[in-house]
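Here is my note on the model below. Please read it with the coordinates open.

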Amino acid sequence: MCGIVGITSFMSVNQSIYDALTMLQHRGQDAAGICTIDSFNCFRLRKGNGLVRDVFEAYHMQRLQGNIGIGHVRYPTAGSFSASEAQPFYVNSPYGITLAHNGNLTNTYELRKQLFKVSRRHVNTNSDSEILLNIFAQELNRFQHYPLKVKEIFSAVTAVHKQVRGAYAVVAMIIGHGMVAFRDPHGIRPLVIGKRKIADKIEYMVASESVALDTLRFEFIRDVEPGESIYITKNGKLSTHQCADTPKSNPCLFEYVYFARPDSFLDKISVYSARVRMGTKLGMKIAREWKDLSIDVVIPIPETSTDVALEIARILGRPYRQGFVKNRYVGRTFLMPEQQLRRNAVRRKLNANRAEFQGKNVLLVDDSIVRGTTSEQIIELAREAGAKRVYLALAAPEIRYPNVYGIDMPNTTELIAHGRQVEEICQLIKADALIFQDLEDLIEAVREDNPNITSFESSVFNGIYVTKDVDQKYFEYLQLLRNDDAKEIARQNEMENLELHNED
């Protein structure tokens, strides 16, 4: 998962993009980057591994001059931790283009071959974002004049949609022209647009989540539609166009369960309200189907599940307590690249408040289970703190299939729910009871704010991939990129490169 932002203004945008990226930091903690266009029509770029606050020093910000810019926060979905794969990416032809991307392409192998053999373009990294940039540049290059007309830029995006498959929310800049943003025809990854009026001039901003607009006091205009493209000239003129032949809204269901901030609105849906309704649905299921459980207290596993747990406690008529204290300076565990690191991180991340566990039957509430490593460790923590019995309720159904659209969920063999019944999962994580949300209830909870969405991208739960191009061969390819061994090799290679660089 990644976060993107783009701003067109009539004053320097470096600080605004920095602030927006800090609001999107939850979407990626591996790398960050900002690119601007200065008054000489030159790109100013700074990117590197680490959090936003670590990548950008004061002297970097001073160099990022310009009234138009884009930014990106990233975590890797394909095993690479190289700073060279931090975004935005850049190509010098035509004109000069830089691009940042949230999502994952599912036909990267074919596109890479086509770019090299047919278009004679070299892609220097393993990132599908660089491939996407080169496809876009290739299509813009078909127009042999300057400047490009608005309809030609939209025509290039249309051509991208016809070649590229998968999930992508994109923001890009073209030297001498302005900023372009577009979303894949299924609208899998989120993208919103807002505006801010200063004096008699209007600034525009696109971002992965509406919370980034709120922070900078941009007025939310709307979501970018699936397949739609936004073009804002360097002079601030806004144009929009639907560039896909058959767009259909299939937003990622897991955004609402886990990734998005609760104060965001995505596709006209309040993330907070959706999570409260998840708690309502799950609480009603527990009251209906698990009457025999003797529950003394409801405790959330911080912090995505807190709103869910509050609603479950209300419905069950049981006390809600904060039983775990979270260390906010440890990264998300399922984003960590290697199993042992994830196991060690759990105890650094959470500590049990013994007063809320001693001698009690506790219902723990979490958003989901991926590998089961974290859940097993947390249940162990609860028992060590004195809990008599530990039940676990999840706001999401069983995750049985990999995600191929930009979330770094592991390959099938590492998913604890793949090929197992609920009773088996319960035994593996050593819980006294395990309760999953039903998929139908989850979908109803999310779509209540926007009934016009008839289907969500729910492949991790049901194995249905909306792009209809995912098969066993692709899973095998993905497994080579995503398994822990591959990530360990990638990390070792990066360390060796750093050592060689230091020796030089």
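Is Phe259 buried or exposed? Phe259 is buried, because its relative accessible area is 1%; buried means under 20%, exposed over 50% and partly exposed in between, for a 1.4 Å probe and protein chains only.

1. Basis. This is a predicted model: local features need pLDDT of at least 70, side-chain atom pairs count only at pLDDT 80 or more, and totals for chains, interfaces and linings use all residues. Residues are numbered from 1 along each chain as its sequence is written, and side-chain values use heavy atoms, with hydrogens and water left out.

2. Aromatic pairs. The count is 14. Rings of Phe, Tyr and Trp (its six-membered ring) pair if their centres lie within 6.5 Å; planes under 30 degrees apart are stacked, over 60 edge-to-face, the rest tilted. Tyr256 and Phe456 pair edge-to-face, at 6.3 Å centre to centre and 85° between the planes. Tyr256 lies in helix H8 (residues 253-259) and Phe456 in the loop between helices H14 (439-447) and H15 (459-462), so the pair ties together parts 200 residues apart in sequence. Helices (H or I, at least four residues) and strands (E, at least two) are DSSP runs, numbered from the N terminus. Both Tyr256 and Phe456 are buried.

3. Cluster. Tyr258 and Phe259 are also edge-to-face, at 5.1 Å and 85°. Tyr258 counts as buried at 10% relative accessibility. Ring pairs link Phe254, Tyr258, Phe259 and Phe461 into a cluster.

4. Strand S10. In S10 (residues 201-207), 5 of the 7 residues are buried, so the strand is largely enclosed by the rest of the structure. S9 (residues 192-198) runs antiparallel to S10, with 7 bridges; strands pair if DSSP finds at least two bridges between them.
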